[in-house]
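Me: I've got a model open here and want to check the labels on it. Can we go through what backs them up?

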Amino acid sequence: MAKLITLFKLLPKAHQIALAILAIFTSLILMFPSEDAQASKQTSMEPSAKLESHTRYQVPLAFRSPSAPETSAKSDNSEDQTTLPTADDEAFSAHLSSLSSGSKTDQIIDRIDGELKAQQKALKEAAELENQVEYYEVTKGDTLGGLFNRAGLTAKDVYDITRLPLAKKNLLKIIPGEEIAISKNAQGELTELSYRMDKISTLVITKANDKYKETVNKKSLETRQSFITAKIKSNFWSAAADAGLSANHIMQLANIFGWDIDFALDIRKNDHFSLIFEQEYADGQFIRTGNILAAEFVNQGERYTAIRYKDGQYYSETGNSMRKAFLRSPVDFKYVSSNFNPRRLHPVTGQVKAHRGVDYVAAIGTPIKAAGGGKVIESSYNQYNGNYVFIKHNDTYTTKYLHLTKRSVKRGDTVKQGQIIGTLGRTGRVTGAHLHYEFIVNGVHRNPRTIDLPKSLPINRSEKAKFDGLSKQLMAQLKSNQAQQVASN
Ligand SMILES: [Zn+2]
């Protein structure tokens with residue numbers, strides 16, 4: 001019933017009046033008690049008795065690709081009034097006659113039906129004349145003046161409208177392919193203009209008493225949760241993309257676990273991951289990706305979990321911060337070539353000295369990030385290292401970056417974690433472009449990919465109970481979705 005009412009509100013005035021009249025007659029007919037009417041009344045009561053309002057029902061998350069959002073079947077697009085079916089009238093008369101079939105009221109109904117049809121037709125024609133919406137597409141080289149001219153409007157209309165601040169900002173910058181909807185009254189004067197500013201906002205300009213007024217209609221956003229799970233066959237990116245994860249979410253996921261897992265070098269076949277994430281929709285139309293709420297990543301048999309808390313930070317399911325003093329990798333995995341091939345561990349042959357670092361093979365120019373915050377103690381060039389940067393993080397930790405094409409920090413600079421310090425190159429004694437990265441703990445070279453890194457603070461004690469509740473709920477959701485996925489395979 002509620003749906004019917006909303007649908008009703010969406011109809012043009014003329015339809016509303018016609019439908020109201022129809023409704024009155026329909027209820028009149030229903031007053032003659034026929035068996036059919038009673039039976040349907042009873043069955044229609046049942047579902048509302050089963051589902052209680054103000055009760056949260058568990059609805060399983062959908063296994064569905066986010067890149068191909070389903071288009072909503074119901075026509076709840078309030079801006080799309082013109083696309084509403086015009087066969088309504090016929091459908092309702094058919095409904096009317098089916099209700100009355102076989103009854104004595106046949107003749108009366110027929111007469112009323114005919115009168116109604118004529119009335120509807122007149123109303124519809126009047127409405128069309130009065131407020132006809134026409135759509136004008138912006139063509140190449142078009143100006144608002146040109147478009148208004150095509151729409152039969154005047155230069156004064158352009159002038160008046162562009163005195164409104166939002167109209168000035170938006171309508172003077174129209175680009176080919178965009179559309180402006182214009183409604184005029186019977187005298188051919190502009191009554192309403194609408195222009196889609198973005199996927200959710202429409203600028204509406206109305207004219208009343210010779211004055212223009214502008215408003216912005218915003219569609220309400222609806223956040224949906226989705227679940228994806230995938231096993232890695234060749235590389236992380238394609239496994240995630242094949243499972244339907246957007247590029248944005250793939251990078252988010254790599255960043256969340258990037259403190260624990262070196263996505264450039266440590267991903268192996270059969271690693272797997274699952275996540276619950278949000279997507280925003282308006283009128284059933286996909287608008288943008290939202291946050292990852294919970295995730296699990298199993299890398300070389302090691303399981304990592306992440307829960308997003310309301311502070312916007314990620315914590316492991318037990319409440320430890322995901323964030324660490326050092327990034328596992330100073331190069332984004334998406335740049336690193338063959339990030340999956342385990343034979344690629346020492347790609348630079350001809351190295352005489354013992355290899356004391358990690359090599360990342362990527363294109364020249366790939367940005368290199370400071371693995372942690374600290375002070376630049378060297379930024380220079382020599383024939384072995386090529387362009388190099390050393391960063392001292394504290395008395396314990398130092399990191400070194402060799403063979404850069406370009407250095408973007410100087411000795412003495414303070415750098416933040418993740419700050420770009422230069423670009424990958426093939427300077428110095430090398431046979432191919434790569435970054436040579438060293439991680440030194442108390443003067444000793446250590447493997448940055450496996451070393452235990454200092455953790456930052458866990459979730460605040462006062463928030464711990466709340467966090468645990470959320471973590472349990474999301475982890476249970478993740479597990480039940482994983483189980484469903486396995487069952488459906
Ligand atoms: Zn190396």
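Predicted model: local features only at pLDDT ≥ 70, side-chain atom pairs only at ≥ 80, totals over all residues.

Me: What makes the length of helix H11 agree with a helix of 28 residues?

Reply: Helix H11 covers residues 461-488, and at 1.5 Å a residue it should span 40 Å. Its end C-alpha atoms are 40 Å apart, so the two values agree.

Me: Which residues of H11 are buried?

Reply: Phe467, where the kink is centred, is one of them. Others include Ser471, Leu474, Met475 and Leu478, along with Asn481 and Gln485.

Me: Why is Gly357 called buried?

Reply: Buried means under 20% relative accessible area. Gly357 comes out at 16%, so it counts as buried. It sits in the loop between strand S11 (314-315) and strand S12 (358-360).

Me: What is Gly357 in contact with, leaving aside its neighbours within four places in sequence?

Reply: His436, Tyr437 and Glu438. Glu438 is 81 residues away in sequence, yet the C-alpha atoms of Gly357 and Glu438 are 4.5 Å apart in space.

Me: On to the sheet with the order S2-S3-S4-S5-S6. Why are S2 and S6 called edge strands?

Reply: That open sheet has 5 strands with antiparallel pairing. Strand S2 (132-137) and strand S6 (211-218) each pair on one side only, which is what puts them at the edges. From one strand to the next, the twist averages 20°.

Me: How do you know that S5 and S6 pair?

Reply: Two strands pair if DSSP finds at least two bridges between them. Strand S5 (residues 201-208) and S6 have 8 bridges, in the antiparallel sense, so they qualify. Thr202 stands opposite Asn217 in S6.

Conventions: Residues numbered from 1 in each chain as written. Heavy atoms only, no water. Helix = DSSP H or I, 4+ residues; strand = E, 2+ residues; numbered from the N terminus. Expected span 1.5 Å × (residues − 1). Bend = angle between axes of the 7 residues up to and from the residue. Buried < 20%, exposed > 50% of the residue type's maximum accessible area, 1.4 Å probe, protein only. Axes fitted to C-alpha atoms, helices over the stretch in contact; angles between N-to-C directions. Contact = heavy atoms within 4.5 Å.
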